[in-house]
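This report describes selected local features of one protein model, with attention to strands, core packing and backbone geometry. The sequence and structure are shown first.

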Amino acid sequence: MGDPTALDLARKRRVIDLTHPLVPDGVPACPGHPKYNAEHTFKLSDGAFANVHTLTIGTHTGTHIDAPYHFYDDACPVDRLDLSLLAAAPAVVVDVRHKAAHEAITWEDLRKYESGIREGAAVLFCTGWASRYGRPDYSDHPYLEVDAAQQLLERGVRVIGADTISPDEWRLDGGDTGMVHRIVLRAGGIIVENLQGLEDVVDSGWENPRVSLLPLSLAGCDGSPIRAVAWER
Ligand SMILES: [Zn+2]
């Protein structure tokens with residue numbers, strides 16, 4: 001028996017999928033956003049040369065990222081993001097599963113993760129809300145307080161994500177629901193929404209998780225669905 005080959009190591013490596021599957025009629029969308037669909041354009045069973053689908057999809061469909069251009073006309077679109085922030089980034093997964101509906105996540109909740117909170121890190125909030133995906137109470141999630149977002153930005157963090165539809169509170173009274181979006185995107189940051197599987201990363205006990213959160217290269221667009229994955233370095 002020699003040393004393990006690269007292929008042996010790759011086979012052993014566990015990858016956690018952080019992405020909600022895209023299923024027609026199974027993807028909750030913000031009001032007015034396009035409803036996800038995938039249908040055959042060509043079908044082998046109808047005698048076509050190959051199977052080919054046509055997609056109906058929005059830039060904020062399913063697990064996705066928001067680029068700064070989402071809120072600012074003069075800011076970076078999704079195809080020009082710095083991919084070094086999104087490819088194999090060190091991840092800090094903050095366990096806030098004890099938070100209740102509409103409860104704030106504050107800087108206090110982040111203190112014990114402070115050593116990992118630095119430039120280049122992706123800070124991802126595990127609220128446990130992914131299990132409510134598609135249910136009416138999915139939008140009643142805990143939310144990130146503006147001060148906590150500000151502190152992350154001051155420490156050089158540019159990627160902030162959650163297993164919720166938004167890091168901002170989804171206000172039932174129609175109040176402002178975009179404060180965290182504004183300060184993160186204005187600072188050139190990137191917001192990741194509708195993640196799933198973060199509890200598996202927390203419960204894995206991994207000491208140095210990495211994540212990839214890669215968008216499609218949609219020229220001039222404000223966001224993109226992503227395939228998000230985590231692994232231990
Ligand atoms: Zn979005």
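Helices (H or I, at least four residues) and strands (E, at least two) are DSSP runs, numbered from the N terminus. The model is predicted: local features need pLDDT of at least 70, side-chain atom pairs count only at pLDDT 80 or more, and totals for chains, interfaces and linings use all residues. Residues are numbered from 1 along each chain as its sequence is written.

**Strand 12 and S224**

S224 belongs to strand 12, which covers residues 223-232. Burial is assigned from C-beta atoms placed from the backbone: a residue is buried if 20 or more others lie within 10 Å of its own, exposed if 12 or fewer, and partly exposed in between. S224 counts as buried because 23 other C-beta atoms lie within 10 Å. Two residues are in contact if their C-beta atoms, placed from the backbone, lie within 7 Å. Leaving aside residues up to four places away in sequence, S224 touches T59, H64, I65, V78, P215, L216 and L218. The C-alpha atoms of S224 and L214 are 8.7 Å apart, with a sequence separation of 10 residues.

Strands pair if DSSP finds at least two bridges between them. Strand 4 and strand 10 run antiparallel and are joined by 3 bridges, with H64 opposite E193. Strand 9 (residues 159-162) pairs with strand 10 in the parallel sense, also over 3 bridges, and I160 stands opposite I191.

**Nonpolar core**

A nonpolar core is a set of buried Ala, Val, Leu, Ile, Met, Phe, Trp, Tyr and Cys residues joined through C-beta atoms within 7 Å. The largest such core has 47 residues, and A91, V94, A122, V123, L124, V159 and L213 touch the most other members. Beyond four places in sequence, L124 touches A91, V93, V94, G161, A162, V192, L195 and L198.

Most residues other than glycine have a negative phi. A88 is in the loop between strand 4 (64-66) and strand 5 (89-95), and H102 is in the loop between strand 5 and strand 6 (104-105).

| Residue | C-beta neighbours inside 10 Å | Class |
|---|---|---|
| A88 | 12 | exposed |
| H102 | 14 | partly exposed |
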